[in-house]
Protein chains: 2
Amino acid sequence: MPSTPENQHSSRDRFKYDQVSHYIMDLIDKGTLKPGDRVPSLRKLSKSLKVSIATVNQAYLTLEEKGVLKAKPQSGFYVHTGINREIATPKPIISTCQPRKVRFGQLFEEIFEISNDASIAPFAAARPSMELMPSKALMRETRSVIARHAQESMDYCFPPGHERLRHQISLRYAELGLSIAAEEIIITSGATEALSLALQTVARRGDIIAVESPTYFSVLRLIEKMGMLALEIDSDPLTGVSLDALEFALDTMDISAMLVVPNFNNPSGSLMPSSHKRQLVSMLSERNIPLIEDDVYGDLYFGNERPDICKCHDEQGLVLSASSFSKTLAPGFRTGWITGGRFHEQLLEWKQATSSASPSLQQLAVGEFLRSGQYDRHLVRLRKAFKAQVEKARFMIARLFPEGTRISDPQGGFVLWVELPRGINCFDVYTEALQHHIGITPGMLFSATRKFRNYIRINCGFPWTPENEQALEQLAGIINRLNA
Amino acid sequence: MPSTPENQHSSRDRFKYDQVSHYIMDLIDKGTLKPGDRVPSLRKLSKSLKVSIATVNQAYLTLEEKGVLKAKPQSGFYVHTGINREIATPKPIISTCQPRKVRFGQLFEEIFEISNDASIAPFAAARPSMELMPSKALMRETRSVIARHAQESMDYCFPPGHERLRHQISLRYAELGLSIAAEEIIITSGATEALSLALQTVARRGDIIAVESPTYFSVLRLIEKMGMLALEIDSDPLTGVSLDALEFALDTMDISAMLVVPNFNNPSGSLMPSSHKRQLVSMLSERNIPLIEDDVYGDLYFGNERPDICKCHDEQGLVLSASSFSKTLAPGFRTGWITGGRFHEQLLEWKQATSSASPSLQQLAVGEFLRSGQYDRHLVRLRKAFKAQVEKARFMIARLFPEGTRISDPQGGFVLWVELPRGINCFDVYTEALQHHIGITPGMLFSATRKFRNYIRINCGFPWTPENEQALEQLAGIINRLNA
């Protein structure tokens, strides 16, 4: 495992170390330092930034590990020539706007099977590494809940779910400036069940559901299973769904509901600006169309501020807002929730009818983990880790993948959306990679209309071990061969 | 709390004590001892059964607590005059056979709310008392799983779920003479989710689902929410669904699937004889109609042998068999499963799409609890407790409720189905009882066709504390007033 500066420096040193890294990254981003350029010597930068030579050296070594710099013996550090172009982000795709039946084969199942298999490099499912999760602290909390509330941990807690957890969630909404009472929240089995309940509540077989494009494939599958039609609305890789394209669709089609991942969309990484969210809610509300939003990545922002959610702009109770702790705390706890505005009662009926109570133990443990402040402290560390992992992956891909590759630049979350040169078929990449025990997700899964043929999604939810780095290099080799 | 003989006697004494109780109950059942009769003196019975006087005395005192006997000072024990008639079981209801849209209001939600409220006497939801559950042992197992597999406990375990648990379940099927591989089992969030997945797999909005009558109201609600039609097939209070009535329905209507609770049906307590199960499967298979069975009460038999299930007679893979540990081990663990025969792949897709993984921790803990043999040892105690609780409730109801009351005589499970005199409306009973902080379930919920107007269901899943006895007496008072 690459040594991380966090282990080796005091917090004061870490600040200085960050300063050096950011300084160099900034110079590269601005084009001041170009591939092949020699970066400032240790001595010079030590002087100009007023930090020790050791700190600069450590920062440079870590940038080397990330693939940004390259050390030459007796000569110093250079910007890696692998970065022989700007890292381009994927192009927006404009497509004809037609609602489609979603149809996929067994590939969905296979993606999850791959993800259950520890021998396969973990770039396939969007899952965080358990090494980054606070297993010990959360399990300490869970054991404590068991000791104090053994019977309650084992007994039914019928929907809407445990009050203490719902209260903690309502406090988090309050931090977003949203007044959602605990009574308006329903605990679910992950965000997946929340979205399922929401779709069942607002639409029926044959109805048209507007979605972003690309859209998380499990959402498309859910729409497929329910016999609804997915209408893919063109979306910008940076700002999410195109409101113009949506306006056109709303004017010409009978849309029953819309479903979006406004913050750090999976796979594109797009982040809808707050003004877009407001406008989106207003456009749909005017037409009395419910909006389902999935905010599972919202807490994983790389910037300084947590983005808001569509629900913040909801004046008519038409936004059904779902999320979970699966990407941030404990995937296997399956603790999610939804707040459904005017659809609350119907959601509650669906929850009661289709799965009844959610497990009590996890609700109690997560509630306590939030209350004690441990969750927020964990998030600070987690965001930093994901940001570094995603950044490193971007640089490695930029260096290793063929000319013409474009890579998303997400401001949160932990997946990358990679546009390969046009001639490459994502299924070929998928198949060959799997033969080498490497998992990726083919881009075509993220559309019902066979778009994204030359795209793949790369999960970066794990620390970059030498094994995973090697797997990414192998993957690059496969893609380069396919490109030849 | 009434003292239970288990606390006071060695196992040898307990055997003798049981012998005495059975002897007296037998004499009452056969009509040898009638209400008001003096039962054999302590001395005489001690001699004839070759047990100590103390043992006979203890058995008599416990029968008194159960409401069977009544002590008269200086005179001895008498058969309680409250038992002034044979306890009649509910009559079979014959009805016109029409598929119906199921429609219920908020009453469903209320039943569950009541059940979350500890201040309300627990006769409403069919839930076992946590006092009867092996909280300590299961929580010890859970803590041990956490200690040994912290990360695994928190990480995703995608469908079909954890292999070790599925293996244990397949071993239980093997004991029933059924060869179901672990690969054919899908872990679900309780049996409720299993039934929901099954219905979604085999039927669609508008389709006709044949059910028993009465049917567990959550099943009716599920059918309602999914826009399917419930066709209620007349059922015998003892042997379950009428195969003649079903044959007629199959010949005249386009039925998409059937759903049954073959063992200790909730609420009627009926147990389908094995020959009926075989015939049912064969009748449906001939017509290529899938059968969904819910066996959550199957392990709670009062007799000597576990009843078989419909799946045992399934030659064509048309039976989808669901169950859970919610009624026998840990309601709040939400650990259920389904084995779907030829529908396995579709079930798996629905599970993956609508809720994805089930929580890992409970799967690991329950798997270990089964493997270690603790579950089976617990079941022995649990069956005995439920049998005694149900028996006592029957006698109390027979003694306290108005003339004309008929009570089910279930051979397993823990609910009673009570037919009140015709003039009494179950909703009046429900409303008045609730005002006195007593929960019951109105019979009309168990039908989509407004049958069972004068029926109520009584949950007996808890030990008979003085408070609960008093609540039952109060309930009897209410019903007697309504009957006046």
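A residue counts as buried here if 20 or more other C-beta atoms lie within 10 Å of its own. Keep that cut-off in mind for the views below, which all come from a predicted model.

**View 1. Strand β11 of chain A sits inside the fold.** Six of the six residues of β11(A), residues 319-324, pass the burial cut-off, so the strand is largely enclosed by the rest of the structure. In a regular strand, side chains alternate between the two faces of the sheet. Here both faces are covered. One side carries Val319(A), Ser321(A) and Ser323(A), and the other carries Leu320(A), Ala322(A) and Ser324(A), all of them buried.

View 2. What does β11(A) pair with in the parallel sense? That is β10(A), residues 291-294, joined over four bridges. Within this pairing, Ile292(A) has Leu320(A) as its bridge partner. The antiparallel partner is β12(A), residues 335-339, again through four bridges. There, Ala322(A) stands opposite Ile338(A).

**View 3. Chain A as a whole.** Zooming out for context, chain A has 16 helices and 17 strands. Its radius of gyration is 23 Å, which agrees with the value near 23 Å that a compact globule of 484 residues would have. Along the principal axes, the C-alpha atoms fill a box of roughly 70 × 55 × 40 Å. Of the 484 residues, 55% count as buried.

**View 4. The side of chain B that touches chain A.** At this interface, 53 residues of chain B are in contact with 53 residues of chain A. Several helices of chain B give two or more residues each, among them α4 (107-116), α8 (190-202), α12 (344-354) and α13 (360-371). Which helix gives the largest share? It's α5(B), with seven residues. By residue class, this side of chain B divides into 22 nonpolar, 19 polar and twelve charged.

**View 5. How the copies are related.** Turn chain B by 180°, shift it 0.1 Å along the axis, and it lies on chain A with an RMSD of 0.1 Å. That is the relation of a two-fold axis. In chain B, the C-alpha nearest the axis belongs to Arg143(B), 3.1 Å from it. As for the interface, 100% of the interface residues of chain B are also interface residues in chain A, so the copies meet through the same surface.

Technical notes. Residues numbered from 1 in each chain as written. Chains lettered and ligands numbered in written order. Predicted model: local features only at pLDDT ≥ 70, side-chain atom pairs only at ≥ 80, totals over all residues. Rg over C-alpha atoms; globule rule 2.2 N^0.38 Å. Buried ≥ 20, exposed ≤ 12 C-beta atoms within 10 Å, placed from the backbone. Contact = placed C-beta atoms within 7 Å. Nonpolar A, V, L, I, M, F, W, Y, C, P; charged D, E, K, R; others polar. Pairing = 2+ DSSP bridges. Least-squares fit on C-alpha atoms with pLDDT ≥ 70 in both.
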